[in-house]
Structure formats: structure tokens, C-alpha cells
Amino acid sequence: MDRHITIIGAGLGGLTLARVLHVHGIPATVYEAEPAPTARAQGGMLDIHEDNGQPALAAAGLTEEFRGLVLEGREATRVLAPDGTVLFDDDSTRGRPEVLRGELRRILLDSLPAGTVRWGHKVTGVRALGEGRHEVTFADGTAITASLLVGADGAWSRVRPLLSGATPEYTGKSYVETYLYDADTRHPAVAKAVGGGSLFALAPGKGIQAHRESGGTLHTYVALSRPQDWFADIDFTDSATAAQRIAREFDGWAPELTALITESDTPLVLRPLYALPVEHRWDRVPGVTLLGDAAHLSAPNGEGANLAMYDGAELGKALAAHPDDPEAALTAYEQPLFPRSAAAAIDGADLNEVLFGDNAPQSLLDMFTGGESTR
């Protein structure tokens with residue numbers, strides 16, 4: 001039997017799968033559209049959870065390397081009122097150490113044999129060939145045949161249509177992403193407001209969420225519940241004007257909060273939020289499966305990367321446990337995947353109601369004081 005696994009997508013989930021397979025002596029190739037590992041920024045901070053992300057890294061044999069990436073103190077959390085009043089401030093740890101996504105991706109890449117990831121391979125088509133085999137075609141005109149194909153290719157997965165007709169739908173909310181660099185020196189009032197970890201400044205339907213990354217870097221997601229047409233009227237290629245337009249939605253808010261928008265050192269990036277149906281699942285199709293956002297894209301709730309890595313680790317372990325029966329492995333992987341991802345999607349929807357619902361920010365304060373965590 002050809003045990004070689006073909007993985008589409010070099011995100012955290014696909015790389016975790018490749019690493020766990022390597023640990024078990026199973027060869028894999030990862031095809032990634034980006035031309036190089038440094039082709040784009042890899043996003044901000046991730047809190048790695050004890051019940052999924054950390055076990056996934058343990059299965060990958062990378063716990064020690066992961067611990068070396070942890071940025072101490074970043075679990076601190078504060079909630080500010082729109083006028084800047086501190087409503088909640090907690091610098092305790094909750095077993096969810098924070099790391100930079102790009103650094104976590106780097107240790108996964110470094111743990112794989114040379115040549116495992118094939119960069120610059122953008123998938124343009126996938127089709128079934130029968131008997132569990134699939135042909136994958138790339139933008140450069142080349143094609144490969146996969147005996148076992150894994151779609152780890154995110155929200156707009158090219159592999160998903162082999163299994164499901166579901167497509168992501170707009171959640172009604174978008175993030176606008178900004179960065180402030182060297183904020184302790186250049187923006188001391190803003191840096192003081194954010195504190196040492198996460199900041200939440202919320203109101204019904206909107207909010208400013210910022211996180212201190214390494215050094216004085218402040219990474220912000222401005223959340224607005226608006227239809228896509230509303231954002232389409234904003235020219236994000238003119239970042240200064242776009243920043244002023246977004247900041248107008250926060251008129252009257254403290255300047256140390258709105259500066260996270262208007263003083264951004266990077267062009268504003270619009271990030272519409274999409275989700276698959278909460279109960280998304282598919283019937284077993286020979287020779288192909290999905291993981292991460294390709295399988296269960298949902299509203300952001302701090303679980304996405306953790307779940308993707310956990311999916312990758314669980315799939316890798318299932319394939320190792322059924323070396324001569326890939327269908328048994330895929331069944332063993334998918335059966336718990338569906339309820340696990342549905343529960344996470346429900347939690348995500350609930351959290352978004354806590355953050356941006358009619359009772360925000362009191363709903364978040366109630367959650368914190370009840371001993372819960374937001375992420």
C-alpha cells in the first residue's frame with residue numbers, strides 16, 4: 001500500500017499532521033500556495049490550550065521547543081470602558097501560554113525533513129480518479145496523484161468540495177487589523193492602556209481588541225458588526241482615510257483607544273469573518289478528509305489554531321494506528337471530529353455574543369468574575 005500522504009496547506013494544522021506522521025515514520029508532502037515561508041506575516045499571538053493545542057504539540061514531540069517560544073506575562077487581561085476607565089484587570093495565568101503564530105509555525109517547519117513542504121504550489125483543481133485516488137492540479141500546470149489527500153487549506157478550501165457542498169457565509173462582523181510598533185516609546189499612553197497582555201474595549205456591536213506582542217508591538221483587531229456593503233464603501237488602499245472612517249465609529253472613546261486605529265504603523269487590513277454551518281459534516285469519501293478551517297471554520301474564539309493542530313495530531317495518530325487500512329483511520333478521525341468542532345463553533349458563537357452582544361461589556365465582566373476565560 002502507498003502510505004504517502006498528500007497535504008494541501010502549510011498552516012499550523014497541516015504542518016502538525018506532517019510532523020506527527022514523520023514521528024511515526026509515515027512520509028508526507030505538503031503543498032503550499034505561498035512562494036516561501038516568509039512570504040507574508042503569520043498573524044499575531046496565540047494562546048495554546050491545555051486540552052488541544054498543547055497535546056497536539058506533545059504528539060509532535062515539540063513541547064520543549066514550544067516552551068521556548070512562550071512570552072511571559074501575555075496572559076494578562078484587562079477590560080476598559082470606552083472612556084478609558086479600567087473595568088477589569090487580571091495578570092494571573094490560566095494555563096494558556098501565549099506565543100507568536102509565526103514562531104510556532106517556524107518550529108513546525110524546522111521539525112520536518114527538507115523538501116517536505118513544496119512552496120509555490122497553488123491548487124487550481126482537484127478531481128476524483130476512483131479507488132480513493134485524487135488528482136491535484138496546480139497553477140503552474142503541473143499535477144500530482146494522491147493516494148490519500150488531506151485538505152488543510154483553510155476557509156476557501158479547494159479540497160472541501162470533494163466532500164461537502166457547504167461554503168462559508170459572512171457572519172455579519174468584520175475585523176480591521178492594525179499594528180503600533182515601539183509603542184512604549186512612541187505611544188506611551190496607548191501602551192499603558194493596553195497593559196502587558198490583552199485589552200478588550202467593547203460596546204454592543206463593536207469593540208477594540210489589542211494584544212501586546214514581543215517588545216512594544218501592539219496588535220489590534222477592531223470589530224464592527226456591519227454588512228459587507230458598508231465596508232465596500234471604504235477605500236482601504238487609502239489607509240489614512242480608512243482609519244479616520246473606522247475611528248468615527250468610536251467617536252467619544254478615549255484617545256488612547258482610538259489611537260490604536262488612527263496611529264497604525266501598517267496599512268489597515270480588512271478581515272471579514274466567515275463561518276461554515278455549525279454542524280458541518282460529511283459522509284465518508286474514500287481517500288480524502290479535511291482538518292482545521294477547511295473542516296470547521298467558525299467565528300473567532302481563540303480555538304481555531306488549537307483545533308487545527310489537534311485535528312492534525314489526531315489524524316496523524318489515527319493513520320499510524322491503522323497502517324494498512326486508511327479508511328479505518330479516516331473514520332476513526334472523523335467520528336470525534338464532528339461533535340468536537342460543532343461544540344467549538346457553538347462556544348464561538350456564544351463568546352461573540354458575550355463580546356459584542358447587547359449587554360457588552362458587562363457580559364464579559366460577568367464571565368471573568370465567574371472564573372471563566374475569554375480565549
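Select tyrosine 181 to begin: this residue is partly exposed, with a relative accessible area of 36%. Here buried means under 20% relative accessible area, exposed over 50%, and partly exposed in between, for a 1.4 Å probe and protein chains only. The model is predicted, so local features need pLDDT of at least 70 and side-chain atom pairs count only at pLDDT 80 or more, while totals for chains, interfaces and linings use all residues. Residues are numbered from 1 along each chain as its sequence is written, and side-chain values use heavy atoms, with hydrogens and water left out.

Tyrosine 179 is buried, at a relative accessible area of 12%. Tyrosine 179 and tyrosine 181 form a stacked aromatic pair, 5.8 Å centre to centre with 25° between the planes. Rings of Phe, Tyr and Trp (its six-membered ring) pair if their centres lie within 6.5 Å; planes under 30 degrees apart count as stacked, over 60 as edge-to-face and the rest as tilted. By this rule there are nine aromatic pairs.

Next, select tyrosine 170 and tyrosine 274. Their pair is edge-to-face, with 5.9 Å between centres and 65° between the planes. Tyrosine 170 lies in strand 12 (residues 169–180) and tyrosine 274 in strand 16 (residues 269–275), so the pair ties together parts 104 residues apart in sequence. Helices (H or I, at least four residues) and strands (E, at least two) are DSSP runs, numbered from the N terminus. Tyrosine 274 is partly exposed, at 23% relative accessibility. Now include Trp156: ring pairs link Trp156, Tyr170 and Tyr274 into a cluster.

Two charged side chains come next. The charged end of lysine 206 sits over the ring of phenylalanine 250, 5.5 Å from its centre; that of arginine 226 sits over the ring of tryptophan 230, at 5.4 Å. The criterion is NZ of Lys or CZ of Arg within 6 Å of the ring centre and within 35 degrees of the ring normal.

Two strands pair if DSSP finds at least two bridges between them; strand 9 (residues 133–138) and strand 10 have four, in the antiparallel sense. Select threonine 137 to find its bridge partner in strand 10, alanine 143.
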